[in-house]
Amino acid sequence: MKKSLHAVLLLSTIIIAVAFSYPAEKLIEPAQLAAVLQNPAAKKPAIYNVGPMAMIPDAVLIGETINPANQTKIKTALKDVPRDKEIVIYCGCCKIEDCWNIHEASTILTNMGFTNFKILNIKTDFKTDWSDKKYPVK
C-alpha cells in the first residue's frame, strides 16, 4: 500500500511539473499575426479561439478544448477544411506552456492531418500579449 501511494504521489508530481512545448516553426508571434490582420492586402489565416478569452476579429469561437463537447465542436468545424489550409489557434487564458486548451487543440489538428497550423505564442496571457498592445479585438 505504501509503495502504491508513493508511486501515485511521484507520478502526480511529475505530471504537475510538465510544461507543454512546441517547435518554433509551429508558433506565430502576436505582433506577426496582428500585422497580417491589419494589412488589407495580406492573405488571412483561418483563426480559431480555443479558450475563454476575448476574440480576435474573424476568429471562430470554439471554446475551451479541454471540454469534450468543444473537442467535438472543433472537429466538426474543421471537417471540410483543406488539410493544408493556413490556420492559427489561440487561447490566452494563461501562458502557452501551461495551456491545456492549446495542447488539446494542437493534438486534434495534428491527428486530423492538418499540416499548416500555427499556435499564437501567448507568453503571459491574452490581455498582456494582445489586448494591452492594442492589437485588433472584436
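Colleague: Among contacts in the protein chain between residues at least 6 apart in sequence, what percentage join residues at least 24 apart?
Modeller: Please keep in mind that this is a predicted model, and that such totals use all residues. Contacts are counted between residues at least 6 apart in sequence, and the share that joins residues at least 24 apart is then 69%.

Colleague: How many helices and strands does the chain have, and in what order do they run?
Modeller: The secondary structure comes to five helices and five strands. Read from the N terminus on, the elements follow the order α-β-α-β-β-α-β-α-β-α.

Colleague: What part of the protein chain is made up of buried residues?
Modeller: A residue is called buried when its relative accessible area is under 20%. In this chain of 138 residues, the part that buried residues make up is 37%.

Colleague: Where do the buried residues of α2 lie around the helix, and what covers them?
Modeller: In α2, which spans residues 30-38, the buried residues are P30, L33, A34 and L37. Seen down the helix axis, these buried residues of α2 fall within an arc of 100°, so they line one face of the helix. An α-helix has 3.6 residues a turn, so residues three or four places apart point the same way. What covers the buried residues of α2 includes β1, β2, β4, β5 and α5.

Colleague: How wide is the arc of buried residues in α4, and how far does the helix reach?
Modeller: The buried residues of α4 are N101, I102, A105, S106, I108 and L109, and, seen down the axis, they fall within an arc of 160°, so they line one face of the helix. Their cover includes α3, β4 and β5. Helix α4 has 12 residues, and from its first C-alpha to its last it reaches, close to the expected span, 16 Å.

Colleague: Which residue just after α4 takes a positive phi, and which residues other than glycine do so elsewhere?
Modeller: Most residues other than glycine have a negative phi, and most peptide bonds are trans. Just after α4, a positive phi of about 90° belongs to G113. Elsewhere, in the loop between β2 and β3, phi is near 70° in D58, and in the segment after α5 a positive phi of about 65° is found in K134.

Colleague: Are D58 and K134 buried or exposed?
Modeller: A residue counts as exposed when its relative accessible area is over 50%. The value for D58 is 70% and the value for K134 is 69%, so D58 is exposed and K134 is likewise exposed.

Colleague: Which residues does D125 touch, not counting those up to four places away in sequence?
Modeller: D125 sits in the loop between β5 and α5, where its relative accessibility of 23% makes it partly exposed. Although D125 and C94 are 31 residues apart along the chain, their C-alpha atoms are separated by 4.7 Å. The residues that D125 touches are G92, C94 and W130.

Colleague: How many cavities of 30 Å³ or more are there, and what lines the largest cavity?
Modeller: The count comes to one cavity of 30 Å³ or more, and the space in the largest cavity is about 30 Å³. Its lining residues divide into eight nonpolar, one polar and one charged. The residues that line the largest cavity are C91, G92, C93, C94, K95, I96, C99, I102, L120 and I122.

How values were computed
Residues numbered from 1 in each chain as written. Predicted model: local features only at pLDDT ≥ 70, side-chain atom pairs only at ≥ 80, totals over all residues. Heavy atoms only, no water. 1 Å grid on protein atoms, 1.4 Å probe; cavity = no way out; pocket = protein on both sides within 12 Å on 5 of 7 lines; lining within 4 Å. Points joined across faces, edges and corners; volume = space filled by probe spheres on them. Nonpolar A, V, L, I, M, F, W, Y, C, P; charged D, E, K, R; others polar. Helix = DSSP H or I, 4+ residues; strand = E, 2+ residues; numbered from the N terminus. Expected span 1.5 Å × (residues − 1). Buried < 20%, exposed > 50% of the residue type's maximum accessible area, 1.4 Å probe, protein only. Arc of directions from axis to C-beta. Contact = heavy atoms within 4.5 Å.
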